[in-house]
Amino acid sequence: MVTHSNTRRIEISPVTRVEGHGKVTIHLDEANRVTEARLHIVEFRGFERFIQGRPYWEMPVAVQRLCGICPVSHHLCAAKAIDHIVGGAKLTPTAEKMRRLMHYGQMFQSHCLHFFHLASPDLLFGFDSDPATRNVIGIIGADRDLAYQAIMMRKYGQEIIKATAGKKIHGTGAIPGGINKNLSIAERDALLVDVEKMKKWSRDAVELARKYTLTNMELVKTFASHESNYLSIIRRDGAMDFYDGGLRAIDAGGGTIFDHVPNPEYLGVIREGVRNWSYMKVPFIRSLGEERGWYRVGPLARVNTCDFIDTPEAEAARKDFKALTNGRPNHMTMAFHWARMIEVLHSIEMIERLLGDPDLQGTDLVVTGERAREGVGVIEAPRGTLFHHYRVGDDDLVTMCNLIVSTTSNNEGMNRSVRRVAEDCISGQPTITEGMLNRIEVAIRAYDPCLSCATHALGKMPLIAEIMGPDGNLIDRKVREP
Amino acid sequence: MSETVSFTIDGKRLTARAGQTILAAAEASGVYIPRLCHKDGLNPVGGCRVCTVRVNGRPASACTQPVSAGIVVDNDTDELRSWRRQIVEMLFVEGNHFCMFCEKSGNCELQALAYRLGITAPRYPYLWPKRDVDASHPDIILDRNRCILCGRCERTSRDLDGKSVFGFIERGIHKTLAVNAEARLGDTGLDLTDQAVNACPVGAILKKRTAYRTPVGQRQFDREPIGTGVETRASLTVRGGEPGGGKPVQGEAR
């Protein structure tokens with residue numbers, strides 16, 4: 001276990017209350033000073049390889065199996081890439097709006113799941129609270145109404161996905177060049193029933209995250225935080241857009257690195273680096289190089305990069321958020337949560353707008369045109385910018401696939417956050433407490449990471465911390481059953 | 001009028017035309033016998049054995065065995081259901097069947113039978129064979145990963161299309177669906193309009209670029225689980241015929 005002769009190593013494996021499977025290692029010297037802290041992604045999936053040789057039309061349905069929490073992101077991103085293969089990138093209004101509705105539904109449910117079910121116990125009970133109740137069951141015990149809202153909000157998002165994709169998880173709605181169904185009047189009316197309630201609860205959620213941030217400003221300002229570049233897609237007019245747009249990257253001061261880069265040209269601005277201790281790559285902005293070019297994605301990045309949000313309540317919330325940093329990019333890692341709830345509010349406002357649009361009852365569902373051999377799709381998944389890139393042979397079989405998932409983009413950012421927490425909270429301490437180790441996990445949870453782009457049974461993974469002596473002997477081992 | 005004979009199936013007394021198979025006679029009377037290799041309009045071969053019933057105590061394939069007067073047929077018994085489950089489970093582990101993203105999902109007879117038989121996971125180890133995908137035809141794809149060797153394509157092509165596009169090579173576990181060409185499907189005379197293209201019960205032979213067009217919930221077996229159509233129609237006919245039975249009510253299966 002120990003790799004350095006005079007250090008000891010703490011391992012948090014697996015990291016709990018995140019989506020996917022990761023571990024953290026912290027190396028300490030004899031004075032308990034942190035010499036190294038890393039987040040390792042220990043799963044290997046291999047999707048890019050094993051979908052080679054499969055027909056291109058399977059991609060939206062097959063590749064979404066990467067994840068059980070936000071499969072819609074992969075479903076739609078693959079569909080957007082494959083739209084180019086069939087010459088159907090310019091969708092009919094019904095198809096595009098159905099896909100958007102599906103996407104806002106998933107953004108809504110996934111953000112709610114992450115904030116309420118996974119992250120909120122840390123915020124509401126404190127980082128050092130009893131791990132036995134620092135979970136969603138604890139929330140149910142402490143605040144029944146909040147727990148009920150969380151569950152019903154997630155359900156609402158899932159119902160939207162079902163109405164647009166046929167199933168709540170792993171549906172088939174998006175097909176090459178369009179969508180396979182419209183929204184019936186009955187489906188629309190069923191969704192309209194609860195929309196006002198969802199808006200109210202979304203407002204409350206923004207307020208909860210805002211209040212947490214402002215009340216704990218001393219902590220939030222520094223906890224797990226660091227300056228970084230940010231990346232997202234952006235609408236032509238600079239509005240936040242989860243479904244479509246060119247690539248925009250800004251630096252730590254808010255300056256533009258590149259803007260409105262067409263999706264197929266992503267390799268001109270982004271490169272992928274590798275590390276010998278993780279299966280996860282480290283993408284970086286090409287013009288800045290591997291050292292300085294790493295960037296963050298996700299809710300914080302999107303609120304930082306966009307010029308405005310195209311719905312009134314979320315835009316007001318965004319202005320409030322931006323006022324905290326005088327309009328400059330916000331680098332506080334814990335502010336991810338506040339940004340995430342602003343996006344929840346934006347999503348429900350968009351859902352309401354779309355449900356009132358008669359285009360959703362249209363019958364023109366699919367367009368195809370000139371066949372191409374290559375397609376790139378980029379979308380904003382709940383966790384951040386997601387890239388799907390396929391090449392297809394004349395026989396319709398996929399010959400190449402490249403996926404850059406959101407958490408991959410956040411790899412360096414998460415590692416820096418882990419290191420910062422290790423240095424601030426663990427380094428030099430005489431004893432290592434469970435609460436200190438939980439702080440590491442709190443930092444990871446802020447990113448909303450989908451560590452393997454795969455879902456795991458919630459609450460079944462124990463946290464194991466092993467402390468090794470300088471001679472390599474195990475001197476302490478703590479197992480926490482969640 | 002042809003001669004009729006009577007027989008019993010699961011204790012129920014039925015009549016059949018002389019020479020009619022047990023499977024056809026049962027179906028005409030609203031008794032569904034599961035099957036995979038048999039398809040209406042094709043000569044039966046009794047290959048998959050999913051339709052195995054007991055005739056006077058002796059196992060026989062219902063798709064090939066003609067009815068004879070007074071036979072006693074067992075169909076829906078624990079033993080036969082168990083045998084059928086095992087056959088279907090073996091078909092699942094012998095091939096590479098990934099229902100979760102297969103475009104035939106919801107329209108697949110193998111999947112539908114697995115649901116009907118209550119299979120949640122196979123008891124046998126997966127063999128994960130290495131099989132190839134032949135996408136050489138411009139409009140039709142042949143994915144051997146999903147082939148269950150039922151031969152419906154072969155018989156349809158030969159007997160109904162008059163073409164002999166398909167055939168089998170090798171034996172036993174190595175048996176493989178082959179095409180009548182030097183190399184690949186694209187070199188055969190198979191046309192998109194051939195009946196053989198629609199003969200496959202699983203997702204081995206498919207029209208290209210048509211996948212997932214039908215939303216989940218509206219696919220063939222979403223609307224009507226396999227076998228229930230036979231049973232429902234019979235039930236409605238009987239109801240309508242009963243004194244005071246009233247009009248048949250759609251979907252009200254008994």
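Colleague: Why is N326(A) called exposed in this predicted model?

Modeller: Count its neighbours. N326(A) has 6 C-beta neighbours inside 10 Å. The cut-off for exposed is 12 or fewer. So N326(A) counts as exposed.

Colleague: Where is N326(A) found?

Modeller: N326(A) is in the loop between helix 13 and helix 14 of chain A. Its phi is positive, about 55°, although N326(A) is not a glycine.

Colleague: Why does D396(A) count as buried?

Modeller: D396(A) has 20 C-beta neighbours inside 10 Å. Buried asks for 20 or more. Therefore D396(A) counts as buried. D396(A) is in the loop between strand 13 and strand 14 of chain A. Phi of D396(A) is near 80°, a positive value in a residue other than glycine.

Colleague: How do you know that the span of helix 3 of chain A is close to the expected one?

Modeller: Set the two values side by side. Helix 3 covers residues 71-85 of chain A, which is 15 residues. From its first C-alpha to its last, helix 3 reaches 21 Å. At 1.5 Å a residue, 21 Å is expected.

Colleague: What makes helix 3 of chain A mostly covered?

Modeller: 15 of its 15 residues are buried. After helix 3 comes G87(A), with a positive phi near 65°.

Colleague: How do you describe the packing of helix 4 and helix 14 of chain A?

Modeller: Two packed helices are described by the angle between their axes and the distance between the axes. For helix 4 (residues 93-125) and helix 14 (residues 336-355) of chain A, the angle is about 145° and the axes are 9 Å apart. The crossing is left-handed. Helix 4 of chain A brings residues including L101(A), Y104(A) and F108(A) to the contact. Helix 14 of chain A brings residues including M341(A), V344(A) and I348(A). By class, the residues of this contact divide into 13 nonpolar, four polar and four charged.

Colleague: Which way do the residues of strand 10 of chain A point?

Modeller: V282(A) and F284(A) point one way, and P283(A) and I285(A) the other way. All are buried. In a regular strand the side chains alternate between the two faces of the sheet.

Colleague: How do you know that strand 9 and strand 10 of chain A pair?

Modeller: Pairing needs at least two bridges. Four bridges join strand 9 to strand 10 of chain A, and the two run antiparallel. E272(A) stands opposite P283(A).

Colleague: Why do strand 2 and strand 4 of chain B stand at the edges?

Modeller: Begin with the order. Five strands of chain B form an open sheet, 2-1-5-3-4, with mixed pairing. Strand 2 and strand 4 each have a single partner strand, so one side of each is left without a neighbour in the sheet. Neighbouring strands are turned by 40° against each other on average, direction ignored.

Colleague: What do strand 3 and strand 4 of chain B form?

Modeller: They form a hairpin, with two residues between them. N56(B) in the turn has a positive phi of about 50°. Four bridges join the two strands, which run antiparallel. R54(B) stands opposite P59(B). Strand 3 also pairs with strand 5 of chain B, in the antiparallel sense over two bridges. There, V73(B) is the bridge partner of V55(B).

Definitions and conventions
Residues numbered from 1 in each chain as written. Chains lettered and ligands numbered in written order. Predicted model: local features only at pLDDT ≥ 70, side-chain atom pairs only at ≥ 80, totals over all residues. Expected span 1.5 Å × (residues − 1). Axes fitted to C-alpha atoms, helices over the stretch in contact; angles between N-to-C directions. Left-handed = near helix turned anticlockwise from the far one by under 90°. Contact = placed C-beta atoms within 7 Å. Nonpolar A, V, L, I, M, F, W, Y, C, P; charged D, E, K, R; others polar.
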